[in-house]
Every structure is written in structure tokens, then in C-alpha cells.
Amino acid sequence: MSSGKVKAAQLWGKSKEDLVKQLGELKTELGQLRIQKIVSSSTKLNKIHDLRKSIARILTIINAKQRAQLRLFYKNKKYLPLDLRSKQTRAIRRRLSPEDKARTLEKTKKRQTHFPQRKFAVKA
């Protein structure tokens, strides 16, 4: 049986196998506590709460490590999976890229050179 809460800072150094093993232990302990809660009148709700939160911490770190590995894998690829792309807003995602925004057509270039913006001197 594990003692107390699991600290997230300690989990980052562990390998995935260790995390999965610890996760299994916590889940079995949680199952035993739930059975005890049903059988006996003395409830250990705080212990159950701590176990559930510890399980959530371990799963969070496993998922974060997996996402980091996927980011490394897709780093120089042409396309990135949707869930790894930056969310932002719909309008920002559809906005023109800086290169596309800077592009000008031949016709526009000619018009700008032949008909530049007129300069006016204003009398004071």
C-alpha cells in the first residue's frame, strides 16, 4: 500500500514502465478501499480522494510525456497532427501568413511605381 499523496515533481523523473506499475498499484488500492467502504461503516473518503487525485497526476504525466515524444517525432515533418497544433482562435488560424500578406501582384507593383501616393504640402 502506498503512503500519502503522490507528488508530481517526483513522477517526472520516472520511466513510463515505473509510472504504469505505480498506476496499477494505486488502482488496486482504490478498488480495495471502495470495497471496504461498502462492507464496513467506517469510511475513508479522504484516502479515496487522495488516491483518485494521485491516479490523475500519474495519468497526466504519462500523457504529457507521450505528447512531448510525439512533438519530437513530428518536429521536422510537413504536417502536424491536429491535437498537437496550436489552438488559438479560428480567425487567427485562417489569417494569411506573413509571406502571403507581403506578396503583391505584378499589376499592383506597376500601379504603385507609375502612380505613387501624391504628396501635399499644407500651408500653415
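**Close-up views of a predicted model**

**View 1. The buried residues of helix 3 pack against helix 1 (8-11) and helix 2.** Helices are DSSP runs of H or I with at least four residues, numbered from the N terminus. The buried set of helix 3 consists of Ile-48, Leu-51, Ser-54, Ile-55, Ile-58, Ile-61 and Ile-62; buried denotes under 20% relative accessible area, exposed over 50%, and partly exposed in between (1.4 Å probe, protein chains only). Helix 3 (residues 45-73) has 29 residues and reaches 42 Å from its first C-alpha to its last, close to the expected 42 Å, a span of 1.5 Å times one less than the number of residues. This is a predicted model, in which local features need pLDDT of at least 70 and side-chain atom pairs count only at pLDDT 80 or more, while totals for chains, interfaces and linings use all residues. Residues are numbered from 1 along each chain as its sequence is written, and side-chain values use heavy atoms, with hydrogens and water left out.

View 2. Gln-22 counts as buried because its relative accessibility is 17%. Leaving aside residues up to four places away in sequence, Gln-22 touches Val-6, Leu-11, Lys-14 and Ile-58 (contact: heavy atoms within 4.5 Å).

**View 3. The aromatic pair of Phe-73 and Tyr-74.** One aromatic pair is found in a search of the whole structure. Phe-73 and Tyr-74 form this edge-to-face pair, at 5.0 Å centre to centre and 85 degrees between the planes. Rings of Phe, Tyr and Trp (its six-membered ring) pair if their centres lie within 6.5 Å; planes under 30 degrees apart count as stacked, over 60 as edge-to-face and the rest as tilted. Tyr-74 is partly exposed, at 26% relative accessibility.

How values were computed:
Helices (H or I, at least four residues) and strands (E, at least two) are DSSP runs, numbered from the N terminus.
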